[in-house]
Amino acid sequence: MPPPSDIVKVAIEWPGANAQLIEIDQKKPLSSIIREVCDGWSLSGSEQFALRYADGPQLYITEQSRGEIKNGTILRLAISPARAARQLLERIQSHGIDARLEALKELAKLSADPTFATEFINMEGIGTLARLVESGTHFGEMLAFTLTAFLELMDHGIVSWDLLSLSFIKQIAGYVNQPMVDVSILQRSLAILESMVLNSHSLYHRVAQEITVGQLIGHLQVSNQEIQTYAIALINALFLKAPEDRRQYLHLSGLSWNDVPLYPQEMASTLAQKHLRSIILNHVIRGNRPIKAEMAHQLYVLQVLTFNLLEERMMTKMDPNDQAQRDIIFELRRIAFDGENDPTGTEKRKAMHTKDYKMLGFTNHVNPAMDFTQTPPGMLALDNMLYLAKLHQDTYIRIVLENSSREDKHECPFGRCAIELTRMLCEILQVGELPNEGCNDYHPMFFTHDRAWEEFFCVCIQLLNKTWKEMRATAEDFNKVMQVVREQITRALAMKPSSLDQLKSKLRGLNYSEILRLRQSERMSQDDFQSPPIIELRERIQPEILELIKQQRLNRLCEGSCFRKLGNRRRQEKFWFCRLSLNHKVLHYGDLDESPQGEVPFELLSDKIPVSDIKSVVTGKDCPHMKEKSALKQNKEVLELAFSVLYDPDETLNFVAPNKYEYCIWTDGLCALLGREMGSDLTRSDLDTLISMEMKLRLLDLENITIPEAPPPVPKEPSSYNFTYNYS
């Protein structure tokens, strides 16, 4: 007969004594259980003791967390959190250097425990650590442990960051600004400054006064990628929390808008003057080390924040009565149609402006300013057009004049195309959206040019004009052309070109004929024959294919996957791993120090959930951790990757998948475990592909076509490449 669900069998250790094997009754108070354990070793004062896990993070067990204890868990009897906090607080203030170092080392480890952290903070421990830092008497390893403990304690969110003094901030900033400082101290100092900026509006201003982006650039030129990651994370935090007017000073632009008078806005950028972009490109992206996941995430965040500077212009409507804005449209017309050295050009064309605006491709020929009153893309489209006209004048004039000389029905309307293209690029690059917590999708080519957005537009407008000609399009085909261009751009971006030149090369290979070929190939691979015998065959083999997909999903769950933990500090890299037992009866999971390479042995995964205890799987906004983290509610991409396992008694195991593929694999696999239908998009895609392939093989077999077991041999390389062709 199985034991009751509220009885848990565990082992409890105590230094210098044999372990006790006991049964914990979850209905009894925890204090009573601790008293019984102490009596077993003849220890008095049971209120001075507590239970902790012996493995993993070794967290204290409380009345709230005791439900997580599983059968077979090894526990350890330890002094209570309050007693441990009191002792450590006394030891870190002692005069003996060795004793203080050992105390700080132990404190750095215990501070990750929320129960201990609460007790230590209630004893004014945070203030004590802050004073130790402010005194400037700690160095090396002792200072590193002090900063580690401080950071872990603050990360629990028990006390406000606003309580920190200006003296403390100056001391931490001083460690970052020192030319030769210990790596561990620098890491923690950067992390503390990042947390200050992200968690306190008032501290942002104080940190911004002590730390400039120029001072952080030196840390990007080191060989330690962790230091580079922390430095970029701090830059991102300063960028994210900066007031709107200050963000413009953080724009990654090498050219002031005053150099190219597109619109009256201050864009003299500190980051440009300090060559941040080129340093990130040369020392991080093109460095000798592969980009780790957290660095890729920070580069992605920086890319998103940079593009989000365009949001203001994207959402600004043009004022048809604003003469300065109208002058920009006049400038577009002048560059296209008036010779630079023709003094009579303007006078001669005054009566022809309407015709010129029609040739420029504006929808409203009389007042083209009305074309820019829709947002998005608003004034951003006009900015892009003028950039092309100013800095790529030959290309601009060629596109405009080339289309103005075509037959009316085949001319490509430059103005309308540029406006729609700008809107499309904003959608593709998600301008104005918050960075996705788990996304690493940065594009190296956007770090290769000081004006990457504008240059990207210039490449794409030339692609649009080329595709229009290849399709022999007319005005009625406008939407079809834009659909093809969107497909060309998204396919090229998916190849992750490393430079704008490489993007051009990818787009040249994705001409209209190639897009048609790819579409045809994809249609053929997904053909669904409609004749009754084929439909019947499909219905017969579908259960077999579904079983095959189910087995593949379960095999992937047995291999396991690594998931990121979502903490208070985005830059903090914490991982956990989960995999299904080979007999499909237990889910094993546990925390990891770093992202694993390959499978993680079951022995390293300390926690487990019997599959029989799983009640259901929920996704998206129904997940408990999505309801708790209000900051993530706005991010639909995180919601789309979230799922939770609900199991007895009322516990949850929360996931955020690294990508959509892993999300589908795990939700399908868990549904298969519970005997429910696998309903993800990936399952439908795999089902269609495999059924189509199986039907084609069976139809080939009906035609008596022999299908070889092995692929044919690769043809030998010819001995000579000299050949002639006989035209006769």
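View 1. The side chain of Arg579 places a polar atom 2.7 Å from the backbone oxygen of Val600. A polar atom of the Arg579 side chain also lies 2.8 Å from the backbone oxygen of Cys558. Both pairs are polar contacts, meaning N or O atoms within 3.5 Å; within protein, one atom must be able to donate a hydrogen and the other to accept it, and residues adjacent in sequence count only if both atoms are side-chain atoms. Arg579 sits in strand β6, residues 575-580. Strands (E, at least two residues) and helices (H or I, at least four) are DSSP runs, numbered from the N terminus. Arg579 is buried, at 5% relative accessibility. Buried means under 20% relative accessible area, exposed over 50%, and partly exposed in between, with a 1.4 Å probe and protein chains only.

The model is predicted: local features need pLDDT of at least 70, side-chain atom pairs count only at pLDDT 80 or more, and totals for chains, interfaces and linings use all residues. Residues are numbered from 1 along each chain as its sequence is written, and side-chain values use heavy atoms, with hydrogens and water left out.

View 2. Thr375 and Pro376 are joined by a cis peptide bond, with omega about -20°. Another cis bond links Pro376 to Pro377, with omega about 15°. Pro376 belongs to the loop between α19 (353-359) and α20 (379-391). Pro377 lies in the loop between α19 and α20.

View 3. Ser42 is not a glycine, yet its phi is positive, about 60°. Its place is the loop between α1 (30-40) and β3 (49-53). Ser42 is exposed, with a relative accessible area of 70%. Glu124, also not a glycine, has a positive phi of about 65°. The loop between α4 (114-122) and α5 (125-135) holds Glu124. Glu124 is exposed at 57% relative accessible area.

View 4. Met693, Leu697, Leu700, Ile705 and Ile707 make up the patch, with about 410 Å² of accessible area together. Accessible areas come from the Shrake-Rupley method with a 1.4 Å probe; for residues, only the protein chains shown count as cover. Patch residues have over 30% relative accessible area and no salt bridge; nonpolar side chains (Val, Leu, Ile, Met, Phe, Trp, Tyr) are joined within 5 Å, like charges within 9 Å. A salt bridge puts a side-chain nitrogen of Lys or Arg within 4 Å of a carboxyl oxygen of Asp or Glu. Ile707 is in the segment after α32 (681-702). Ile707 is partly exposed, at 41%.
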